[in-house]
Amino acid sequence: MDFEAVAKYSALHLKPAGLTLQYGTAGFRTKAGHLDHIMYRMGLLAVLRSMKTKSTIGVMVTASHNPEEDNGVKLVDPLGEMLTSAWEEYATCLANADEQEIQSILTEICQKEVVNLHLHASVFIGRDTRPSSEKLSQSVIDGVCALGGQYHDYGLVTTPQLHYMVCCQNTQEHYGKATVEGYYQKLSKAFGELTKQACSSGDGQRYLKIDCANGIGALKLKEMEHYFPKNLLIHLYNDGTKEKLNHLCGADFVKVHQKPPLGLDLKPNERCCSFDGDADRIVYYYNDTAGHFHLLDGDKIATLISTFIKELLIKIGQSLKMAVVQTAYANGSSTRYLEETMKVPVHCTKTGVKHLHHKAQEFDIGVYFEANGHGTVLFTNAAEEKIRHMAKEEKDNQKREAAKRLENTIDLINQTVGDAISDMLVIEAILALKGLTVQQWDAIYADLPNRQLKVKVADRRVIDTTDAERRAVTPSGLQEKIDELVKTYRLSRAFVRPSGTEDVVRVYAEADTQENADSLAYEVSLAVYHLAGGIGEPPQPVF
């Protein structure tokens, strides 16, 4: 290891005094001005990870749905999945080290992981559209070069595109071509094949308004538009030409505020969707004729996709094991509909995409979506091979056609990570094939009214949870109080969990009416404030 080069470059990327950050599900995220040293060190770590795995590793510079002045970075493992947890700890340790400790930490990682420093290292780098991203990605490149690694800088790409290209590279392009054009070609071909037999209504054109959060999604959809079949008409809003990234728009804004984004003219019953800043989340919505806003979030998306796949599995007569994976935030109505009406098993995990992804891998077909619209579908190699074999060799025409639809669905889905572009195309294909309007999709089941609140506390670590974060273990008496409150409302449930990033406790409540959901959330918030060391003003009733 050339420690002289590491030290020389390190002097150009000094760590601000007193700054401590932790690598979480979203990697590192904070104000862009505090991230230069982090980016450099993640370049170093990516080289070691590449040598360890003998694979290409990805580094994505993005802060997703955070404000424009923030930025962040996350590493992508060989098959396009998130960085393994042991290496998250190395990332945190390296990020917070003083200059003189970097050498010893790198040496320690190499010893623990038995890294052969003579191996070739390859790193793919991508970035979002934030003003700070180009300079920060250069800092990553400095880290890669300091340890003698090779890099390919893809420049402006969506987060899911970088995950996709890392997977393509490490599967010798079995998954697809490791280029942005390869991504466009694979998805558009699968979409075209899948929607060929869609019954055309009216002129057969499907019109969709897309809020791009003033982010990278707009650039990439513009590039991809000429690959789409003529019957899919998309109109882009918040395309980054006027307003700030994620400001009063994007999937997170629409989900949290339950209203349309700024800059999108929403006419009654028009089908619309919103991406987030790095295009890995998507939510749909519409206004009805009375002007009421309807949100179709990750739960509705998971239900639509899993219902479609289950119907095809029945047609091909295959007993492949399928399940839907949710978090505690999933609406109770979606869980009941899947289990009781569709007879699809539902499993609950802790919040965080990596937990859902790992659980989904346990099934032949695992569908997972967080309520915020981040999710995808995973197929095991065995399930995929079986489906592809039937699509080619099956003698029964109906079974073969159903298998072909499943095969095209597999090709349309980005299995590496939640992908707003891919998920949008899957949803549009299913709606076209089933002849559903957005209103009919929404009517599959009615969401229970719900409310999310947060309570400021002195130390969020006083809250410890169990049962996939649905029950509080500490502080003493809190869960008993929540149980008592829940009993006073119909169709209700509530849970609390510590935030992963700030000293607040997140409160979720649902009930038979919005008034009751609001009231329950407020009462649970008060219990948290009094029993878990609340600070500042006590929670106020929701109006």
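A pocket here is an open set of points on a 1 Å grid over the protein atoms alone, with protein on both sides within 12 Å along at least five of seven lines, and its lining residues have an atom within 4 Å of a point. Grid points are joined across faces, edges and corners, and a volume is the space filled by probe spheres set on the points; the probe is 1.4 Å. The model is a predicted one, so to speak of local features takes pLDDT of at least 70 and side-chain atom pairs count only at pLDDT 80 or more, while totals for chains, interfaces and linings use all residues. Residues are numbered from 1 along each chain as its sequence is written, and side-chain values use heavy atoms, with hydrogens and water left out.

On those terms, the second largest pocket holds about 850 Å³ of space. Its lining is made up of 27 residues, with Tyr-175, Phe-379, Asn-381, Glu-384 and Gln-415 lying nearest the centre. Helices (H or I, at least four residues) and strands (E, at least two) are DSSP runs, numbered from the N terminus. At least two lining residues come from each of helix H7 (180–195), helix H12 (353–360), strand E14 (375–379), helix H13 (381–393) and helix H14 (397–412). H7 gives the most, with five.

Next, H13 itself. This helix has 13 residues and reaches 18 Å from its first C-alpha to its last, close to the 18 Å expected, where the expected span is 1.5 Å times one less than the number of residues. Buried means under 20% relative accessible area and exposed over 50%, with partly exposed in between (1.4 Å probe, protein chains only). Ala-383, Glu-384, Ile-387, Met-390 and Ala-391 are buried in H13. They sit on the same side of H13 because they cover an arc of only 130 degrees around the axis, taken from the directions from the helix axis to the C-beta atoms. These buried residues pack against helix H10 (298–316), E14 and H14, with contact meaning heavy atoms within 4.5 Å. On the face turned away are the exposed residues Asn-381, Ala-382, Glu-385, His-389 and Lys-392.

Lys-54, though not a glycine, has a positive phi of about 55 degrees; it lies between helix H2 (36–53) and strand E2 (56–61) and is exposed, at 66% relative accessible area. Glu-469 also has a positive phi, near 70 degrees, but counts as buried at 9%, in the loop between strand E16 (464–466) and E17. The Thr-474 to Pro-475 peptide bond is cis.
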